[in-house]
Amino acid sequence: MSIAIWALLSVAADPVVLDRPLPALKHGQEFRETLAQPLTATWENIEARALLRRLSESQRIGILLDRCVDPTSVAPHSQTGQTLEAGLLSIAARLDCGMTLAGNTVYLGPLETSDWLRTTIDQHEAVIVKDGTAITEGRKFALFDRKTIHWQDLDTPREILQQIARRYELEIAGLDRVPHDLWAAATIPYATAAESLTLVLAQLDLDFEWNAVATSVTIVPYQLPALIEKRYPPKKPLSAAATLAAWLEEQPHLQGRVEGKEVVIAGRVEDHERLSGRPGLGERPPAGGADPAPLRRRRFTLKVENVPVRAIMRELEKSGVRFQFDADALATAQVDLGTPVSLDVKGVDADDFLKAVLSTVNVRFAIDDRTVTLTPGPR
């Protein structure tokens, strides 16, 4: 299917609007599938911010233009048959900036920021899940619970950060480091706490540090994150030394060494995705690749206390589960997926697991392969 987007020659700038409604943007697999769809588009004399907003609205995906990129730049362009993702990469190139995917958001910004954004986020999230910390399981779930951050034209970055703090029940120290500025409206959809904070602070050349229990953060000057180190078996029929030499020739910026029969590589998130064969930006899983098992063929083990139902749903989505529901219908029935639940289950089937997860909210569920449909329960 081809997407047609036509930009009128007379449209030049994006007007200031102080009450843009919260958009319903795609996330997860649906977000990725939209980026992979073909795009037929032509635009002229339209400013970058207005163009990206129109793409965001028409395709229902989150697109964030960094404040350091000139939003008034005009980049005439025409393409046929390329994917939406390729079209966005082309726009980034014409704006002399980089592009990456941060969770469910397409980010366009300065090349250095774009190159290191996902690695910065990864290292913030690694602190949370690291063994032996004082961070409780409930707190981990809360910080990985994906929430949508939405702000209006002329909102300040301090106001946006305070919104993030409220959503994730965080305290923020060092707000005096945040300069006064007026930002254009934007939406960061279905993001973890680390994604939201990094996407805002990176635009100001700032970063953050967690406290010991991850209930507060301190804003600090931005520094490039450390490279992520991982181990790989040699690429057959090569030896470990020959494999390392080939990889360093292909990607000279990597750091590596041989330890025994393994290759140890230090690189960014995107580098490890390429080496492991996982799909990254501009790539897709091969046809016929292994899909997650249907829900009714899985067994579930989980022990949590006072964790929001929605947080557990988000974790299930990472394993290929898709939830379908009418948010308005649930709201009318006073169903709150933010209600906490405690459970301790071992090796149960999907039906018993979902009954336990949804025990604190009045909903019915139906399972179809990897999709769970939620509807209001009886009054």
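Helix α4 buries Thr113, Ser114, Trp116, Leu117, Arg118, Thr119, Thr120, Ile121, His124, Glu125 and Ile128. This is a predicted model.

**Helix α4**
- Helix α4 covers residues 111-129, which makes 19 residues.
- From first C-alpha to last, α4 reaches 29 Å. That is close to the 27 Å expected at 1.5 Å a residue.
- Helix α4 has a kink of about 40°. The kink is centred on Leu117, and Leu117 is among the buried residues of the helix.

**Nonpolar cores**
- In soluble globular proteins, nonpolar side chains tend to be buried together.
- The largest nonpolar core here has 38 residues. Leu143, Trp151, Leu161, Leu170, Trp210 and Ile219 have the most contacts inside it.
- Helices α4, α5 (137-144), α6 (157-167) and α7 (193-201) each supply at least two residues of this core. So do strands β7 (147-151), β9 (186-191), β10 (206-210) and β11 (216-221).
- Helix α7 gives the largest share of this core, with six residues.
- Trp151 is in contact with Leu64, Ile160, Gln163, Trp183, Ala184, Ala185, Ala186 and Ile188, leaving aside neighbours within four places in sequence.

- Leu52 lies in helix α2, residues 48-59. Its relative accessible area is 4%, so Leu52 is buried.
- Leu52 touches Ile63, Leu65, Leu88, Ile91 and Leu108, not counting residues up to four places away in sequence.
- Leu52 and Gly62 are 10 residues apart along the chain. Their C-alpha atoms are separated by 9.6 Å.
- His272 is found in helix α9, residues 269-276. At 3% relative accessibility, His272 counts as buried.
- His272 touches Ile228, Glu229, Lys230, Tyr232, Ile265, Ala266 and Gly267, again not counting residues up to four places away in sequence.

**Helix α10 and its partner α12**
- The axes of α10 (residues 309-318) and α12 (residues 350-357) come within 10 Å. They cross at roughly 145°.
- Val309, Ile312 and Leu316 of α10 make the contact with Phe353, Leu354 and Val357 of α12.
- By class, this contact has six nonpolar residues, no polar ones and no charged ones.
- Helix α10 has Val309, Ala311, Ile312, Met313, Arg314 and Leu316 as its buried residues.

**Backbone details in loops**
- Most residues other than glycine have a negative phi, and most peptide bonds are trans.
- Leu154 is not a glycine, yet has a positive phi of about 75°. Leu154 sits in the loop between β7 and α6. At 43% relative accessibility, Leu154 counts as partly exposed.
- Ala214 also has a positive phi, near 60°, and is a residue other than glycine. Ala214 sits in the loop between β10 and β11. With a relative accessible area of 0%, Ala214 is buried.
- Lys236 and Pro237 are joined by a cis peptide bond, with omega about 0°. Pro237 is in the loop between β12 (228-232) and α8 (240-250).

Key: Residues numbered from 1 in each chain as written. Predicted model: local features only at pLDDT ≥ 70, side-chain atom pairs only at ≥ 80, totals over all residues. Heavy atoms only, no water. Helix = DSSP H or I, 4+ residues; strand = E, 2+ residues; numbered from the N terminus. Expected span 1.5 Å × (residues − 1). Bend = angle between axes of the 7 residues up to and from the residue. Buried < 20%, exposed > 50% of the residue type's maximum accessible area, 1.4 Å probe, protein only. Core = buried A, V, L, I, M, F, W, Y, C linked by side-chain atoms within 4.5 Å. Contact = heavy atoms within 4.5 Å. Axes fitted to C-alpha atoms, helices over the stretch in contact; angles between N-to-C directions. Nonpolar A, V, L, I, M, F, W, Y, C, P; charged D, E, K, R; others polar.
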